[in-house]
Every structure is written in structure tokens, then in C-alpha cells.
Amino acid sequence: MAINLRDYQVDAITKLREAYRAGARAPLLVLSTGAGKTICFAAITQAAAARGRRILILVHRRELIRQTSAKLAYAGVVHGIIAAGFEPSDHPVQV
């Protein structure tokens with residue numbers, strides 16, 4: 001499923017990719033509260049997974065596990081969750 005991003009989200013992702021191409025090793029994508037950071041990294045993850053990349057998404061709260069998993073599922077990204085109470089999987093995308 002294609003994710004419909006807002007113009008500023010597309011711009012942020014484009015600038016992030018440009019930073020990597022320019023040699024940045026750890027660029028940081030910053031968006032304000034409610035600007036759609038989770039959907040942005042779901043779109044980035046979707047593209048990376050389609051190229052066969054392995055991705056690990058780290059979150060620090062149980063609510064964020066559910067939110068992240070829901071956005072990845074919305075984007076059609078098959079993924080696993082590494083946390084107590086979830087079945088282990090060998091999917092290339094893990095939360």
C-alpha cells in the first residue's frame with residue numbers, strides 16, 4: 001500500500017536521504033508533535049524493506065510499540081515485535 005505523505009513529510013524524507021548521500025552517518029529527522037514522524041518512518045521502512053534491507057525500530061514505551069506496529073501494518077510492512085508477550089519472528093523488520 002502506498003502511503004500518502006504530506007508535502008512537508010516528503011520534503012523531510014528527501015532532505016534525510018540527501019544528508020545520507022552527502023556522507024552524514026547519523027542524520028536526525030525532526031518534526032514537531034503531531035507532524036507524522038511515525039508515518040514518515042513507516043514510509044522509509046516500507047521503501048527499505050522493499051529493497052531487501054533489515055530494519056530495527058527501537059521504541060521506549062509499550063504504547064509506542066502498538067502505534068509503530070499499527071503504522072507499519074497500515075503501510076503493508078510485515079514485521080515482528082521483540083518484547084515480552086509477543087511471539088518471536090524472523091521478519092526482516094522488527095520493532
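1. The side chain of Thr68 reaches back to the backbone oxygen of Leu64, at 2.7 Å. This is a polar contact (N or O atoms within 3.5 Å; within protein, one must be able to donate a hydrogen and the other to accept it, and residues adjacent in sequence count only if both atoms are side-chain atoms). The model is predicted: local features need pLDDT of at least 70, side-chain atom pairs count only at pLDDT 80 or more, and totals for chains, interfaces and linings use all residues. Residues are numbered from 1 along each chain as its sequence is written, and side-chain values use heavy atoms, with hydrogens and water left out.

2. Thr68 sits in helix H3, residues 62-74 (helices are DSSP runs of H or I, at least four residues, numbered from the N terminus). Thr68 is buried, at 3% relative accessibility (buried is under 20% relative accessible area, exposed over 50%, partly exposed in between; 1.4 Å probe, protein chains only). Beyond four places in sequence, Thr68 is in contact with Thr38, Phe41, Ile57, Val59 and Val95 (heavy atoms within 4.5 Å).

3. Helix H2, residues 37-50, packs on H3 at about 50°, axes 9 Å apart (axes are lines fitted to C-alpha atoms over the stretch in contact; angles run from 0 to 180 degrees between N-to-C directions). H2 contributes Thr38, Ile39, Phe41, Ala42 and Thr45; H3 contributes Gln67, Thr68, Lys71, Leu72 and Tyr74.

4. Ala19 belongs to helix H1, residues 7-21. Ala19 is partly exposed, at 22% relative accessible area. Neighbours within four places aside, Ala19 is in contact with Ala24 and Pro27. Ala19 and Ala73 lie 54 residues apart in sequence and 28 Å apart in space, C-alpha to C-alpha.

Note on methods: Helix = DSSP H or I, 4+ residues; strand = E, 2+ residues; numbered from the N terminus.
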